[in-house]
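Good morning, and thank you for coming.

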Amino acid sequence: MYKVAQCWDDGVVNDVKVAEICRQYGAKATFNLNPGICQSQRMVGWKYQDFEVLRLGKSEFKSVYEGFELASHTMTHPHPTKIEPEVFRKEAVDARHFIEDLKQRVQRGFAWPFGDFNEACTHILREEGFAYGRTTQYAEDILKTPDYMALPSHCHFADPEFEKKWQAAKKTGVFYFWGHSYEMKNDKALWDRYESLIRKISADPEAQWANVVDLVT
């Protein structure tokens with residue numbers, strides 16, 4: 001058996017479809033949120049290529065993410081190394097508290113905005129009791145990292161070698177990928193590819209879906 005985990009950043013409307021696909025195939029996922037940016041209702045976030053990215057409204061969080069793990073991505077998505085350490089601490093912890101109030105349970109995950117971190121920031125995560133901090137770095141055996149506050153993944157979901165890396169990761173006992181759901185835009189081919197990957201993993205009798213926090217605790 002080996003564990004499979006995935007996570008998705010930023011709390012955008014395309015997460016709705018990711019959640020639907022995951023529910024259909026019994027897959028787990030962790031969603032990394034910036035609650036300080038979101039308003040009560042949906043709002044325009046930015047443009048990704050030609051696609052207008054919408055942020056979810058806070059009023060939707062409970063229903064959209066029902067049954068899924070949530071993690072802090074800071075309140076407002078700053079560069080962690082470009083703000084004062086105590087400002088970073090507040091950003092990380094306030095987002096965690098928001099999520100814990102929403103879920104009514106402890107949520108110890110964190111994803112680094114822009115993949116940006118340093119030793120001072122990782123020290124703060126440890127002090128505050130986070131279980132991990134996901135980076136945008138990659139490794140063949142992610143659990144060999146010396147510091148889970150700088151946790152790599154195996155690949156991005158759109159990696160053209162996704163399936164090759166998935167197969168190679170099996171021998172380590174863990175496969176972990178990440179992405180932004182808005183990267184699939186409204187492109188049917190991209191969504192079909194993602195659904196196909198989730199279906200294949202779920203059909204593997206050796207695969208066990210896990211939350212990211214389950215990989216490190």
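Let us begin with Cys155, which is buried, at a relative accessible area of 0%; buried means under 20%, exposed over 50% and partly exposed in between, with a 1.4 Å probe and protein chains only. Please keep in mind that this is a predicted model, in which local features need pLDDT of at least 70, side-chain atom pairs count only at pLDDT 80 or more, and totals for chains, interfaces and linings use all residues. Residues are numbered from 1 along each chain as its sequence is written, and side-chain values use heavy atoms, with hydrogens and water left out.

How many disulfides does a search of the whole structure find? The search finds zero, a disulfide being a pair of cysteine sulfur atoms within 2.5 Å. Cys155 is in no disulfide, as the nearest cysteine sulfur, in Cys7, is 11 Å away. Cys22 is likewise buried, with 0% relative accessibility. Its closest cysteine sulfur, also that of Cys7, lies 12 Å off, and is therefore too far for a bond.

I turn now to the interior. In soluble globular proteins, nonpolar side chains tend to be buried together. Here, the largest nonpolar core has 36 residues, and Trp8, Phe31, Phe175, Phe177, Tyr194 and Ile201 have the most contacts inside it. Such a core is a set of buried Ala, Val, Leu, Ile, Met, Phe, Trp, Tyr and Cys residues joined through side-chain atoms within 4.5 Å. Among the elements that each supply at least two residues of this core are strand S1 (2–9), helix H6 (188–203) and strand S9 (174–179). Helices (H or I, at least four residues) and strands (E, at least two) are DSSP runs, numbered from the N terminus. Another core, of 15 residues, lies apart from the largest one and includes Cys7, Tyr176, Trp178 and Leu215.

Next, consider Lys28, in the loop between helix H1 (15–25) and strand S2 (30–33). Lys28 and Ala5 are 23 residues apart in sequence, yet 6.9 Å apart in space, C-alpha to C-alpha. Beyond its neighbours within four places in sequence, Lys28 is in contact (heavy atoms within 4.5 Å) with Gln6, Trp209, Ala210, Asn211 and Asp214.
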